Amino acid sequence: MNNIKLSNRLQLVLEKIPAGSRFADIGSDHALLPIAAIESGKAVFAVAGEVNPGPFDAASKAVAAAGLRNVISVRRGDGLEVIEPGEVDCITIAGMGGSLIASILERGQVLGKLEGVSVLALQPNVGEDILRRWLVKNGWVLIAENILEEDGKIYEVFAAVPEVKGSEWSNESVYQDLILDNGNIKCGHEMLIQMGPWLLRSPNSAFFSKWRGEISKLESIIASLSRSELDSAEEKRIAIQSRIQEITEVLQCLSKDKP
């Protein structure tokens with residue numbers, strides 16, 4: 001037993017894996033997550049997928065050193081090409097952009113690789129809204145979101161399940177309008193996609209840090225646009241200013257509502 005010590009963000013991903021899973025970790029790097037999942041008894045079998053030779057070799061060595069080659073299959077391939085349809089019931093993808101994760105899932109879905117998968121545990125580094133849009137469009141429901149700050153960076157972790165008619169989970173309920181400040185502020189579908197339906201309902205310090213940082217970035221863009229005399233620059237400035245106002249109002253309401 002190596003007793004792998006995971007980062008806080010990977011620990012959150014691990015917690016999203018159902019007990020007894022057969023799962024695939026895509027972009028597994030040193031296979032830390034599969035090793036930890038097997039050693040902790042969380043999973044009974046894992047695939048560690050890597051497209052690049054360096055990380056593939058590192059994962060192979062780590063799995064061999066842990067003595068787990070009989071229950072962790074290290075495979076080299078692009079995205080979900082490393083698994084067969086129905087082979088796993090959970091897929092984890094961590095440490096990539098939301099757009100890349102969405103494209104991996106899209107290609108895998110076309111190839112039937114999501115067949116039999118009951119949970120997606122995902123950790124996008126950026127582009128979280130892009131990933132949420134893909135999940136909604138393709139019939140997956142967010143059942144949990146976490147946000148944390150680690151080593152000066154902010155990460156979000158998602159868990160999603162297939163949307164099944166008549167089940168307790170539906171995108172309609174998850175993305176139902178959120179009313180704040182006694183009805184004065186409404187967070188509609190687009191705002192929930194952008195900021196996270198579960199995160200908005202239970203914001204923490206990392207959530208506030210992220211969105212205050214986003215406001216600062218938008219203010220820097222406005223400062224740059226103000227130096228341009230193009231009509232299009234003024235239109236962009238107005239749109240961004242409106243965006244800043246929306247985020248600011250939401251943060252102010254959530255701050256008041258925090259216990």
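Trainee: Why is Trp198 called partly exposed?

Mentor: Its relative accessible area is 28%. Buried means under 20%, exposed over 50%, and partly exposed in between (1.4 Å probe, protein chains only), so Trp198 counts as partly exposed. Trp169 is partly exposed too, at 26%. Keep in mind that this is a predicted model, where local features need pLDDT of at least 70 and side-chain atom pairs count only at pLDDT 80 or more, while totals for chains, interfaces and linings use all residues. Residues are numbered from 1 along each chain as its sequence is written, and side-chain values use heavy atoms, leaving out hydrogens and water.

Trainee: What makes Phe207 and Phe208 an edge-to-face pair?

Mentor: Rings of Phe, Tyr and Trp (its six-membered ring) pair if their centres lie within 6.5 Å; planes under 30 degrees apart are stacked, over 60 edge-to-face, and the rest tilted. Here the centres are 5.9 Å apart and the planes stand at 90 degrees, so the pair is edge-to-face.

Trainee: How do you know that Phe207 is buried?

Mentor: Its relative accessible area is 0%, so Phe207 is buried. Phe208, at 4%, counts as buried as well.

Trainee: How many aromatic pairs does the rule give?

Mentor: The count comes to 2. One of them joins Trp169 and Trp198, edge-to-face, with 6.2 Å centre to centre and 75 degrees between the planes.

Trainee: What makes the charged end of Arg9 sit over the ring of Tyr155?

Mentor: The rule asks for NZ of Lys or CZ of Arg within 6 Å of the ring centre and within 35 degrees of the ring normal. The charged end of Arg9 is 5.3 Å from the centre of the Tyr155 ring and sits over that ring.
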